[in-house]
Amino acid sequence: MKLTYTNGLFLLLKPALLFLSLFLFAISASAQDEAEIETYFAETKLGESFNFNERTIRFKEVLVDSRCPSDVTCVRAGEAKILVEIFKDEKSLGQEIITVGANLNSFKTSLAKFFGEELDIEFLSLSPYPKTSRKIKASDYQLKLKVTERVED
């Protein structure tokens, strides 16, 4: 008899559980719709700044460029170290040395402390790429960035 009572109770709760599941799904789906994604691309020369939503990344200096020239076969790929300065609302938050080389994700993680988790900053390229036949002048360097921002409504 107790077994029958439990089965009867389950039959009553089954529609309620189904309704609750659908309700929670609808809430989570609407919360996801509220986040808007904005993507910015930038190509800045040495000394220039990239501005977006009252934030700025200034490409200050190439400290080291030991990347393997494209016309040579190297055992090690090498790397470049660049200095950027971070601003928010025109106030400097600090400077950061970014190592560009085999691990391109270092650029994204090192700037997260300045901008938080709402931004993904991805290094796209540092050009020109070295060649043995030419010396790169500081004024020739260009940094390409992609910034993806999650904006909550």
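This is a selection-by-selection tour of a predicted model.

**Whole chain**

Two helices and seven strands make up its secondary structure. Read from the N terminus, the elements follow the order α-β-β-β-β-β-α-β-β. Of the 153 residues, 27% are buried. The chain exposes about 10,300 Å², and carbon and sulfur atoms supply 57% of that area. Taking contacts between residues at least 6 apart in sequence, 51% join residues at least 24 apart.

**The nonpolar core**

Select I57 and I82 next. Within the largest nonpolar core, a set of 25 residues, these two have the most contacts. At least two core residues come from each of strand 1, strand 2, strand 3, strand 4 (80–88), strand 5 (91–100), helix 2 (105–115), strand 6 (119–127) and strand 7 (142–152). In soluble globular proteins, nonpolar side chains tend to be buried together.

Keep I57 and show its contacts, leaving out neighbours within four places in sequence. Among them are F50, F52, V84, I86, L111, F115, I121 and L145. The list also includes E48, S49 and E85.

Move to V84, which lies in strand 4. Is V84 buried or exposed? Its relative accessibility is 0%, so V84 counts as buried. Beyond residues up to four places away in sequence, V84 touches I57, R58, F59 and K60, and also G94, Q95, E96, I98, L111 and L143.

**Aromatic rings**

Select Y40, F50 and F52, which ring pairs link into a cluster. The structure holds two aromatic pairs. How are the rings of Y40 and F52 arranged? Their centres are 5.6 Å apart and their planes meet at 40°, so the pair is tilted. Y40 belongs to strand 1 (residues 35–45) and F52 to strand 2 (residues 49–52), 12 residues apart. Both Y40 and F52 are buried.

**Salt bridges**

Switch to charged side chains; the whole structure has five salt bridges. Side chains of opposite charge can pair when their charged atoms come close.

- Select K144 and E43. Their closest N and O atoms are 3.8 Å apart in a salt bridge. This pair links distant parts of the chain, with K144 in strand 7 and E43 in strand 1, 101 residues apart. K144 counts as partly exposed at 29% relative accessibility, and E43 is partly exposed at 46%.
- Select E85 and K60. This salt bridge has its closest N and O atoms 3.4 Å apart. It joins strand 4, where E85 sits, to K60 in strand 3, 25 residues away. E85 has 11% relative accessibility and therefore counts as buried, whereas K60 is partly exposed at 33%.
- Select R76, E79 and K81, which are linked in a network of salt bridges. Between E79 and K81 the N to O distance is 3.9 Å. E79 is partly exposed at 22% relative accessibility, and K81 is also partly exposed, at 28%.

**Backbone features**

Most residues other than glycine have a negative phi, and most peptide bonds are trans. The next selections depart from that pattern.

Select D89 and E90. D89 is in the loop between strand 4 and strand 5, and E90 lies in that loop too. Phi is near 55° for D89 and near 65° for E90; neither residue is glycine. D89 is partly exposed, with 47% relative accessibility, while E90 is exposed at 79%.

Then select S127 and P128. Which form does the peptide bond between them take, cis or trans? The bond from S127 to P128 is cis, with omega near 0°. P128 is located in the loop between strand 6 and strand 7.

**A surface patch**

Finish with a surface view and select L63, V64 and I97. Together they make a nonpolar surface patch of about 230 Å². L63 belongs to strand 3 (residues 55–65). With a relative accessible area of 36%, L63 is partly exposed.

Conventions
Residues numbered from 1 in each chain as written. Predicted model: local features only at pLDDT ≥ 70, side-chain atom pairs only at ≥ 80, totals over all residues. Heavy atoms only, no water. Patch = residues over 30% accessible without salt bridge, like charges linked within 9 Å, V, L, I, M, F, W, Y side chains within 5 Å. Areas by Shrake-Rupley, 256 points an atom, 1.4 Å probe, with all protein chains shown as cover. Salt bridge = Lys/Arg side-chain N within 4 Å of Asp/Glu carboxyl O. Helix = DSSP H or I, 4+ residues; strand = E, 2+ residues; numbered from the N terminus. Buried < 20%, exposed > 50% of the residue type's maximum accessible area, 1.4 Å probe, protein only. Phe/Tyr/Trp six-rings, centres within 6.5 Å; stacked < 30°, edge-to-face > 60°. Core = buried A, V, L, I, M, F, W, Y, C linked by side-chain atoms within 4.5 Å. Contact = heavy atoms within 4.5 Å.
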